[in-house]
Amino acid sequence: LLSDPVAAKDAMSGPPLNAVETRWLIVNLVANRSSPRRLPFSVARAISDFVGSNHLGTLAELQQLAARALQRQWESFYDTKLLSAARTGLTRIEIHQDWSNTRKEISQFFPAWSDLAHMEEASDYEFGKLAEVAQKSDCELCYWQTTQGFTMSVSWFRPSELQLHVVAKEALARHPRWIAFFEEVLVPRANRGSSFTGNGGAIYKYFPELNWKSVELLLEGKGFSYGAIFPPPEEEPDIARQIARISWPDGIPQSATCL
């Protein structure tokens with residue numbers, strides 16, 4: 001076989017061979033070698049062609065297939081959902097899966113979550129595997145059960161040099177409504193000699209789509225200090241309407257273009 005794999009393949013008619021022949025081949029290859037060595041690519045390719053799809057029916061094979069599928073699903077979710085959200089300045093999104101399957105935002109990207117009756121028992125494990133994949137992109141995942149089904153949040157607000165955080169930060173830096181907020185809310189306070197505005201919650205009237213962490217990133221990027229009555233939990237972003245004040249203790253630039 002090794003001396004002329006093509007001839008050996010031609011000598012075997014019928015459908016591609018599979019598990020039994022593969023095991024036999026591997027055992028004999030190992031037995032005939034004093035020490036393990038990597039096969040030349042041309043030989044390995046000929047062997048793969050010879051034995052067919054090479055299914056061994058083992059646990060490790062299934063684990064590898066599942067890991068590859070999950071990685072592909074995450075990459076599609078990242079490109080389709082997360083990048084588009086980051087380009088608007090968001091640093092967190094939520095997706096949902098209803099018991100009735102009327103909302104399929106999770107299983108649209110991760111089909112394993114389509115069977116919620118099963119996921120009720122296995123969701124912790126499935127979520128853990130997905131969280132491991134997400135962590136490589138500096139994303140944090142959280143999920144919880146509701147009366148309707150499951151909700152999963154994905155966030156990327158922690159400082160990072162990876163793509164999502166950088167994209168969101170750049171989008172916030174050039175947000176089209178920042179100048180209006182600056183001139184209509186902050187400049188009038190500065191013209192009165194004040195170094196802070198006690199109506200920090202007004203920022204949500206200008207940026208209603210931003211969550212708590214995005215507002216933090218926006219203000220920090222512009223160089224402002226801010227204070228809140230209390231930081232809201234991520235699951236309840238509406239509580240974030242209470243930023244107590246935004247301050248500029250060392251003075252505020254006269255032109256928004258200086259920020």
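Me: Does Glu105 count as buried, partly exposed or exposed, and what is its relative accessibility?
Reply: In this predicted model, a residue is buried under 20% relative accessible area and exposed over 50%. The value for Glu105 lies in between, so Glu105 counts as partly exposed, with a relative accessibility of 23%.

Me: Which residue forms a salt bridge with Glu105?
Reply: The whole structure holds six salt bridges. In one of them, the closest N and O atoms are 3.4 Å apart.

Me: Where does His96 lie, and is His96 buried or exposed?
Reply: His96 is part of strand E1, residues 92–98. Beyond its neighbours within four places in sequence, His96 is in contact with Arg103, Lys104, Glu105, Ile106, Phe150 and Thr151. Because its relative accessibility is 16%, His96 counts as buried.

Me: How many residues of E1 are buried?
Reply: Strand E1 pairs with strand E3 (residues 149–155) in the antiparallel sense over seven bridges. Within this pairing, Arg92 stands opposite Ser155. E1 is largely enclosed by the rest of the structure, because the number of its residues that are buried is six of the seven.

Me: What distance separates the C-alpha atoms of Ser114 and Asp98?
Reply: Ser114 lies in the loop between E1 and helix H5 (116–135). With 37% relative accessibility, Ser114 counts as partly exposed. Ser114 and Asp98 are 16 residues apart along the chain, and their C-alpha atoms are separated by 9.3 Å.

Me: Which parts of the chain does the salt bridge between Glu140 and Arg158 tie together?
Reply: The closest N and O atoms of Glu140 and Arg158 are 2.2 Å apart. Glu140 is partly exposed at 34% relative accessible area, and Arg158 is partly exposed at 49%. The two residues are 18 apart in sequence, so the pair ties together strand E2 (residues 140–145) and the loop between E3 and helix H6 (163–173).

Me: Which residues touch the most other members of the largest nonpolar core?
Reply: In soluble globular proteins, nonpolar side chains tend to be buried together. Here the largest nonpolar core has 48 residues, and those touching the most other members are Trp74, Leu82 and Trp156. The largest share of this core, eight residues, comes from helix H4 (residues 59–86). Trp156 has contacts beyond its neighbours within four places in sequence, among them Leu82, Ala85, Leu164 and Ala168.

Me: Which residues of helix H7 are buried, and at which residue does H7 bend?
Reply: The 14 residues of H7 (residues 178–191) should span 20 Å at 1.5 Å a residue, which agrees with the 18 Å between its end C-alpha atoms. Just after H7, Gly193 takes a positive phi of about 90°. The buried residues are Trp178, Phe181, Phe182, Val185 and Leu186. Pro188 follows within four residues of the bend, which is about 30° and falls at Val185.

Note on methods. Residues are numbered from 1 along each chain as its sequence is written. This is a predicted model: local features need pLDDT of at least 70, side-chain atom pairs count only at pLDDT 80 or more; totals for chains, interfaces and linings use all residues. Side-chain values use heavy atoms; hydrogens and water are left out. The expected span of a helix is 1.5 Å times one less than its number of residues. The bend at a residue is the angle between axes fitted to the seven residues ending there and the seven starting there. Buried means under 20% relative accessible area, exposed over 50%, partly exposed in between (1.4 Å probe, protein chains only). Contact means heavy atoms within 4.5 Å. Two strands pair if DSSP finds at least two bridges between them. A nonpolar core is a set of buried Ala, Val, Leu, Ile, Met, Phe, Trp, Tyr and Cys residues joined through side-chain atoms within 4.5 Å. A salt bridge is a side-chain nitrogen of Lys or Arg within 4 Å of a carboxyl oxygen of Asp or Glu.
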